[in-house]
Protein chains: 2
Amino acid sequence: MTTSNIFLLVLGLGAAMPAHAQQTADYPIRAVPFTKVKLTDSFWLPRLKTNTDVTIPASFARCEATNRVKNFEMAAAKSGKFATVYPFDDTDIYKTIEGASYSLSVYPDAKLDAYVDELIRKVGAAQEPDGYLYTARTIDPAHPHHWAGQERWEKERELSHELYNAGHLYEAAVAHYEATGKKTLLTIALKNADLVCSVFGPGKRTVAPGHEIVEMGLVKLYRATGKPEYLSTAKFFIEARGQYKGYDSKSADPFKNGQYWQDDQPVTAQTEAEGHAVRAEYLYSAMADVAALTGDKKLLAAVDTIWQNMVGKKMYVQGGTGAVPAGERFGANYELPNTTAYNETCASVADVYWNQRMFQLHGDAKYVDVMEKVLYNGLISGVGLDGKSFFYSNAMQIKNAMGYHDTEPARAGWFECSCCPTNLARLMPALPGYVYAQKDRDLYVNLFVSGNTTLRIGKQNIGITQQNNYPWDGGLKFTVNPATATDFTLRLRIPGWARNQAMPSSLYTFATPSSQTATIKINGRPVAYTLQNGYAVLARKWRKGDVVDLTLPMEVRRVLANAQVKDDLGKVALQRGPVIYCAEWKDNNGKTSNLIVPAGTAFSTAFQPGLLNGVMTLTATVPAVEVEATSVRTVPQAFTAIPYYAWANRGKGEMTVWFPERVTAVDLLSQPTAQEAAAGK
Amino acid sequence: MTTSNIFLLVLGLGAAMPAHAQQTADYPIRAVPFTKVKLTDSFWLPRLKTNTDVTIPASFARCEATNRVKNFEMAAAKSGKFATVYPFDDTDIYKTIEGASYSLSVYPDAKLDAYVDELIRKVGAAQEPDGYLYTARTIDPAHPHHWAGQERWEKERELSHELYNAGHLYEAAVAHYEATGKKTLLTIALKNADLVCSVFGPGKRTVAPGHEIVEMGLVKLYRATGKPEYLSTAKFFIEARGQYKGYDSKSADPFKNGQYWQDDQPVTAQTEAEGHAVRAEYLYSAMADVAALTGDKKLLAAVDTIWQNMVGKKMYVQGGTGAVPAGERFGANYELPNTTAYNETCASVADVYWNQRMFQLHGDAKYVDVMEKVLYNGLISGVGLDGKSFFYSNAMQIKNAMGYHDTEPARAGWFECSCCPTNLARLMPALPGYVYAQKDRDLYVNLFVSGNTTLRIGKQNIGITQQNNYPWDGGLKFTVNPATATDFTLRLRIPGWARNQAMPSSLYTFATPSSQTATIKINGRPVAYTLQNGYAVLARKWRKGDVVDLTLPMEVRRVLANAQVKDDLGKVALQRGPVIYCAEWKDNNGKTSNLIVPAGTAFSTAFQPGLLNGVMTLTATVPAVEVEATSVRTVPQAFTAIPYYAWANRGKGEMTVWFPERVTAVDLLSQPTAQEAAAGK
């Protein structure tokens, strides 16, 4: 038994954990936890299954094969040489444990459970007696990783990521505890958090963590334990931003003025989504958490403002964020170029976290609209249909058949910095937790995912079942099953796109409003409904077996970008339901860079069960620019669009999201041919 | 021992074979046989080696795997069911035996030799007692292949191909005999030929064979045995054309008027290369053979006229013939479309045979110019660099990244009708036989292939050695080594392309004549030379070690097509030395259909040893048509061209041979965008 194991036994941790109810303030709306939501959905369930069967095992295997596990073993032995590239490689193990934990709660698996236990044992063994856990230093404290700094915490603002590792440890620990009831990883996390709280805080060491997530992690530990230091330290870290005097505030370079780290000014003074997108959105998630838990109005106002900025000026039409490759960061307002779009998959993961929190704060469906956009588009585009090939960045346009990495396959199995695969592995099984939420007698249905849940109103169990073929069909059926007739309000989200709102901002609009609206029947009879914050409010005494039918208009919609988005001027994107479409070379005669989608194009839709695990395709005849003989002209061509999320599963080639509505010839060559010249023309 | 084996022993065949000298008339010029020419060439030798090591074994393996061998076994047993698709599938075995025989004479291989012996035993066992050999009938004579007709020979004009099978048998038999000295296959062939001669002829059965080659084969048997019936039957078959009354002579349909079979009029009345290209070129080869062996002036005039037609109006710039896919046939004059070009590989094989014969008749280098064009371009394009993937048809343009068979690889390992792979297998090892020729004291050097040969002038052995890096470099070195000083004339071909003649016709021309000419030095001293029929005539007393240096101008040449070739109007092809170039997607940013090569484009050349087994590339900056935002414009782009023969070895994508010299916009869409419409523009 190692020292740290003995320590755990001595700690007697269970007694330290109070019930949630002891917390005074919190989100007014609570999500129905994923453990209470059972999916039968034909869109999501296979993805969760693939995550369990393929992604998580592949991720653990890659953690082993790439020496990430070995780092912990060497740290435990205090001998060897850090064997991976980045000091934050520890987090891939934490994140995969988090995903595996969620997965275990749904699909019990003794072998996986035992493997996770053994990994946790190795993590614990790598922890130093005072709780410090960071293999990049512990393996050989005299020669830490060159990003780590000679002393603990000294490079935390820059590159050490000690607190980033800690944050992911906390997230994993709480997930593992909630999913399995085991306290093994939680004990390790708390010991580390206690160290962190003892080191950082008012009158102690201060830093704005270089890569945020420790703030979210500490909040999770606070929720799990009720220990106020965790919340106050999270708040301390958030308030530490904008305090560092070492930046060059006059520089426009985000790496010099602190913007890259969201550290150029206090968060309450920040108005734009800025810097490294993943870090930023983890910060904004934590700001929402702390605002909810403390009632801090200024913090709340800041995060609201930043959200409005991102959603209004800095999000791609498929929900991706972080346009700029250099620094994986947000660009300027309306800086959303297609050919160089970065759109890190992790940013989409972070965006789901953040929007869920914003919804829980405000009860407005617009946050779920954004979350839905991310989930069905720019997030799941990050993982191949095989469950083991990934995008780190999610392109908006491939302009030639080589793809952007000629020597590599379209998607990679792993990355040197492999944050995205493991982030997907942890988000995917948590999806059921985003479907429903509750505030007293208000039941929110946020996502349209077939399955069922049971929640309590007062002392009453209320069953809710969803049956649909979303996102392909707009016919959604909800069956409400209170044990006995009960008064409550069902709040069904009417997606913005079903209300002629392409985006809860002016960033994207539909070219022409639809005349169709979302309609609702209760027990077969049409009902008028009030719309409140994007929800159809259905208040009544619900009886066992009551059926609500919501029908959403599923036309193909032409999306236009705000005219300030230069790259999309004169172009159109295609959306149907929540799904953004793209054209891929494979379905379009080998190219897509030559396709025009004029106003008035008539689309047909068809579900293709054999294509890309089953997708609804859009087809039409469109003009395609071709060089024919010595003419450049448009020729009619069969056009097929597939859901954006499904691209790059059939090799490498051109892909387009934004299509010109028409083209004009500019600056074509005009010298005579040799034949003409010879003929004296 | 089978009946036929006993029969062979009884025949005592050897005594029936007179020396070649007994023939009275023949080609005035004899090729130096391939067995006398040893290659060291870095372009061809690796190809011959690949043919031996890969193509021939793969071809035999495929004959086994696809039941072609089984057909012979079943015919021997007279039981079973014909197990392949076409009645001419027997020929794939004959052709591979032919290739293997050539190969064995250069690379002895006991295992291959024994395998071929065993195959020949199986072929012999399948032969009927009277010499008939056609597995599609013999296996089950009551139920012959549905193309074969109920009776022998009855469908020969149409689809039975009985004489086609016979022709390939004869070609293989003579090759095997000449290469190995064994008479096993020859005995089988002669027995079959004797049957054919007994069935067909004046006063006997008559037919114009549906798919020619029996005529060439009979001539080969005639040369091998001196038996006049073989020559007269060949002549009979040629003269049988145009006699059949069953065609609809008023129809324009080549399948109804007999043109498809070169059977619409007597060959001496034919003036155009017509119908199925492979059949036609086998016929024209046989016409040359018979004209040479009989001195028939009308036949000679006809084949000259037809050659002039093909070379003047019906050949693609890379030497391919047979433009029309429907019927694998020649189109009308100047009908040479790029996107649908058929260009069967077998037609290029046949074209080599035919042009060699035309050269032997006339001693004019123009025939070798055409042969060289075919050899370095449209012929070897038919086999992948791996030696086991093939093109049946050789495209001139791929307009999209899918290639033309989306579900198949760029090249196939075998075809249901698999004539082309086995035709390549037999032509390739015969290549050394096309390098040199002789007429008395005139030595012709036709191809520039490093290696050496020894030939006799009078009683003198003359060694000739070539050292060069052709087709990449224009510096060619010839060393002449007579045993003692000897008077003779060295005729060095000065290729048409080195004399500003893109083609020995007005079909293709160079855009601008080169100011450089081919220069010759003897023993280091420049010499003036007379040009005769395309040959530099170097007559002198040659001494041991005399060195001739021929320097050919190797500029990149812009090739223009005759203005009557509609598809190439305003376009340019690129040639350097004998090599025609193409651009492939792989080297050109994923596309080639958008590339323009304006007059005045400056090319750089570089030998790339690691690319496509080593090729000289052409690079330049050219305008490429791109849709950028809502503009169609040309943008400067790095351009790389590779030898045409090397395309489709790196996956499927666009390929272009003829590039527009400039483009004009025609008929682009001009409706306003939705945004413009909304703004009232």
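Begin at the start of helix 13 of chain B, where a side-chain oxygen of D296(B) comes to within 3.1 Å of the backbone nitrogen of K298(B). This is a predicted model, in which local features need pLDDT of at least 70 and side-chain atom pairs count only at pLDDT 80 or more, while totals for chains, interfaces and linings use all residues. Residues are numbered from 1 along each chain as its sequence is written, chains are lettered from A and ligands numbered from 1 in the order in which they are written, and side-chain values use heavy atoms, with hydrogens and water left out.

Helices here are DSSP runs of H or I with at least four residues, and strands are runs of E with at least two, numbered from the N terminus.

Within this helix, colour the buried residues (under 20% relative accessible area, 1.4 Å probe, protein chains only), which include L299(B), I306(B), W307(B) and M310(B). Their cover includes helix 10 (228-239), helix 12 (277-294), helix 14 (345-362) and helix 15 (365-379) of chain B.

Then move to chain A and show its open sheet of seven strands, ordered 2-6-7-8-15-11-12 with antiparallel pairing, where pairing requires at least two DSSP bridges between two strands. Its edge strands are strand 2 (37-39) and strand 12 (525-527). Finally, zoom in on strand 2, which three bridges join to the antiparallel strand 6 (residues 451-457), and find V37(A) opposite T453(A).

Technical notes. Buried means under 20% relative accessible area, exposed over 50%, partly exposed in between (1.4 Å probe, protein chains only). Contact means heavy atoms within 4.5 Å. A polar contact is a pair of N or O atoms within 3.5 Å; within protein, one must be able to donate a hydrogen and the other to accept it, and residues adjacent in sequence count only if both atoms are side-chain atoms.
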